[in-house]
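Biologist: Could you walk me through reading domains, sheets and helix packing in a model like this?

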Amino acid sequence: MSSNVVGLVKVADGDITSSVENALGLIGFKTSRKVESVFIKANLCYYWDSLTGYTTDRRLVSSLIDILRKKYGLQDADIKVVEADATAMRTSHVFKMLKYEELAAEKKVTLFNLSEDKVIEKTVNVNNKEISLKIPKCLLNLHGKDLFINMPKMKIMSHTTISCAMKNLFGCMAAPRKIAYHPMLDETIVAMNKVLKPDLTIVDGIVALSSFPVKMNLIVSGFTPFSVDWTVSRIMGYNPSRINHLRLARREGLGDSKDIVLKGEDLSELRKMWPHVNAFRLKWQNRLQLKLLRTYCRIVGDVIPPFLEV
Amino acid sequence: MVPMLNVGIIGLGQMGRLHLYNCLHIDGVKVVAAADQSKKFLKKAESLGVKKLFTDYHGMLNDPKDLDVAIISLPNSLHRESAILALEAGLNVFVEKPLARTVEECQEISNAVRKSGRKLTVGHCMRFLDSIEHVKKHVDRGLVGSLEVITAEEILNGPFSHGAVPTPVPEWWFNPQNTGGGVLLDLGYHMIDLFRFFGGEADAVFSVLDHKMRLPMEDGAIVVLRSRDSDTKGVINVGWYQKSIFPSFNFRFIVHGNAGFTSTEHFTPKNLYAYAVKEGLKNFSRRIVGRKIKPLSYTYYYEQYVKELATFFDSIRRDMEPPVTVTDGLRTVEIISQAYKLGGLQQESFL
């Protein structure tokens with residue numbers, strides 16, 4: 001099976017487990033080798049539940065764990081759900097608040113804060129820029145007996161237009177102050193994707209995020225984050241070659257859009273379900289508002305409330 | 001000429017900084033001291049002309065000779081100690097809500113106010129919200145007749161709101177020993193105070209507490225209140241569980257009387273962006289003709305914080321009782337304590 005195959009599966013009758021099985025079957029996912037440990041990187045970027053469209057649905061993670069154990073024979077594998085601290089989020093709280101602690105107890109898996117792992121510094125060249133990355137050791141030392149699964153959320157984001165598989169790997173960065181990378185976010189996302197190579201990507205599009213939560217009931221599966229993101233951006237109605245990190249990823253050899261093979265649901269039908277948000281508006285509306293606000297306050301001498309301060 | 005009041009700000013978190021910025025716009029007020037553990041925020045205060053900076057607020061209160069007022073914006077667990085020390089140092093005190101974590105702590109503050117002869121007010125800012133002022137005027141003019149039922153709801157993200165620049169939620173919010181409670185002591189505090197403001201003295205008669213976010217304190221609450229002075233009942237519905245991004249503000253206060261009803265929704269701008277532009281232009285014109293601007297009016301909701309401070313400073317100058325007294329803070333916490341008991345939770349278990 002091509003490594004650029006992407007599966008699109010609708011969750012039928014709320015049966016997430018069957019849908020994940022279908023999504024894995026569509027892309028021909030196999031684990032023939034002896035797997036000892038599994039790292040599942042969910043997207044738990046903030047304390048907002050999956051139904052807000054921001055974070056990975058724990059039911060999807062739960063279904064995947066069941067399938068890996070029952071269908072792929074990984075009963076004895078050490079399964080870890082991992083996330084790193086972010087600028088505004090602390091993993092210790094998010095695991096509890098999004099009920100991942102309950103999931104871990106029920107499924108007997110481990111929750112692991114990547115920010116608490118030993119950090120390995122790596123410098124990667126992207127777009128002729130040297131990007132210094134702080135990567136958790138556990139994800140750098142993956143070998144044939146490990147399985148690394150990327151479970152992003154399907155959503156829009158002002159800085160990168162779409163936030164999905166490639167952006168979720170940026171979230172593996174051990175340093176909590178990820179905002180420091182925002183001035184060169186596209187390059188850093190590509191750099192992280194040059195270093196971290198997940199074996200599988202399963203996208204949570206059950207409730208996705210446009211400018212509001214959208215019940216897409218969709219699961220997207222694939223092997224390369226590039227192929228998955230290219231497809232997801234098309235579902236969202238964006239021209240993928242105009243999304244900076246995808247264009248850059250293609251230039252850096254992380255994938256080729258020509259090779260992508262779509263299986264399952266009709267992309268054009270999914271596209272009709274998505275409430276499109278203009279990419280220019282998405283990128284500039286907030287920034288423009290904040291710039292106008294700062295200019296106004298500077299001229300008039302008015303107060304900026306602390307939470308709007310930059 | 002307005003007599004000058006020298007202010008010291010204790011705590012430069014989001015609320016403390018907001019009070020600092022607002023003080024710079026209020027006539028006859030000078031912020032002369034600030035205390036916070038964060039050097040970054042102390043530097044910010046220094047850049048705004050604050051001369052005396054302390055990394056420990058005890059330092060400020062041990063040397064109070066240049067001060068008239070202390071503004072306290074610390075975690076709830078420090079309200080009692082800091083307010084009492086400030087009163088003992090001879091200062092008038094503005095303390096952020098809640099007055100303190102428990103009824104006992106509030107009583108200690110109340111005793112200290114009596115002993116000191118100084119004025120103390122609590123940040124019951126929502127009484128100063130423009131739409132609440134409108135509703136109050138309607139009710140006072142008798143337009144709704146006798147008050148029967150008040151519905152007050154505020155469902156937001158509370159401490160878990162996301163700012164323009166992401167910053168971590170301060171750790172003390174996750175620790176019930178520091179907060180003394182959850183959403184009831186945060187948003188519920190305001191709603192209960194508003195009920196008292198309209199319906200008079202009250203008691204909680206029913207309460208349901210919720211834990212949707214798996215926090216050690218409640219993140220949702222519904223409380224039914226009954227006025228002691230009249231037939232008015234109230235339904236308070238508060239939550240921290242809803243994602244909210246500024247300027248969205250899920251708050252409404254509805255007053256039902258036997259002659260009609262009114263609601264804050266009738267007086268809240270429908271389009272907050274258009275309102276911001278309109279108010280911004282007004283301030284711009286004021287600035288051009290050399291008049292004083294109305295700080296934060298463009299935000300609609302944040303103007304209340306300027307008004308509450310200005311009103312308190314005014315009451316100090318006139319030597320009058322502030323509109324919000326220590327008793328208001330104490331009674332609000334007493335009702336919250338009743339609501340915890342009715343909801344099957346002993347507040348003491350938090351502490």
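Modeller: Let's go through the domains, then the chain contact, the sheets and the helices.
Modeller: This is a predicted model, where local features need pLDDT of at least 70 and side-chain atom pairs count only at pLDDT 80 or more, while totals for chains, interfaces and linings use all residues. Residues are numbered from 1 along each chain as its sequence is written, and chains are lettered from A and ligands numbered from 1 in the order in which they are written.

Biologist: Which domains does the assignment give for chain B?

Modeller: Domain bounds come from an automatic or database domain assignment. For chain B that gives domain 1 (5–125) and domain 2 (126–269 + 329–350). Their centres, taken over C-alpha atoms, are 25 Å apart.

Biologist: How many residues of domain 1 of chain B are in contact with domain 2 of chain B?

Modeller: Residues are in contact if their C-beta atoms, placed from the backbone, lie within 7 Å. Here 17 residues of domain 1 of chain B meet 18 residues of domain 2 of chain B. On the domain 1 side, helix H5 (residues 103–116) of chain B gives the most, with four residues; helices (H or I, at least four residues) and strands (E, at least two) are DSSP runs, numbered from the N terminus. That side has eight nonpolar, seven polar and two charged residues. In this scheme Ala, Val, Leu, Ile, Met, Phe, Trp, Tyr, Cys and Pro count as nonpolar, Asp, Glu, Lys and Arg as charged, and the others, Gly among them, as polar.

Biologist: And where does chain B touch chain A, by element?

Modeller: 29 residues of chain B are in contact with 23 residues of chain A. Helix H1 (14–23) and helix H9 (272–288) of chain B are the elements that give two or more residues to the chain B side, and H1(B) has the largest share, five residues.

Biologist: Now the sheets. What is the strand order of the open sheet with parallel pairing in chain B?

Modeller: Strands of a sheet pair through backbone hydrogen bonds, either parallel or antiparallel. To count as paired, two strands need at least two bridges found by DSSP. The parallel sheet has six strands in the order E3-E2-E1-E4-E5-E6 (chain B). Strand E3 (52–54) and strand E6 (120–122) of chain B each have a single partner strand, so one side of each lacks a neighbour in the sheet. E3(B) pairs with strand E2 (residues 29–35) of chain B over three bridges, and Phe54(B) in E3(B) is the bridge partner of Ala35(B).

Biologist: What is the order in the sheet with mixed pairing?

Modeller: That open sheet of six strands in chain B runs E8-E9-E10-E7-E11-E12. Its edge strands are strand E8 (202–210) and strand E12 (261–263) of chain B. E8(B) and strand E9 (residues 220–227) of chain B run antiparallel, joined by eight bridges.

Biologist: Last one: at what angle do H7(A) and H9(A) pack?

Modeller: Two packed helices are described by the angle between their axes and the distance between the axes. Helix H7 (residues 185–195) and helix H9 (residues 244–251) of chain A pack at about 45°, with axes 9 Å apart. Axes are lines fitted to C-alpha atoms, for helices over the stretch in contact, and angles run from 0 to 180 degrees between N-to-C directions. That makes H7(A) oblique to H9(A); under 35 degrees counts as roughly parallel, over 145 as roughly antiparallel, 65 to 115 as roughly perpendicular and the rest as oblique. Among the residues making the contact are Ile189(A) of H7(A) and Leu248(A) of H9(A).

Note on methods: Contact = placed C-beta atoms within 7 Å.
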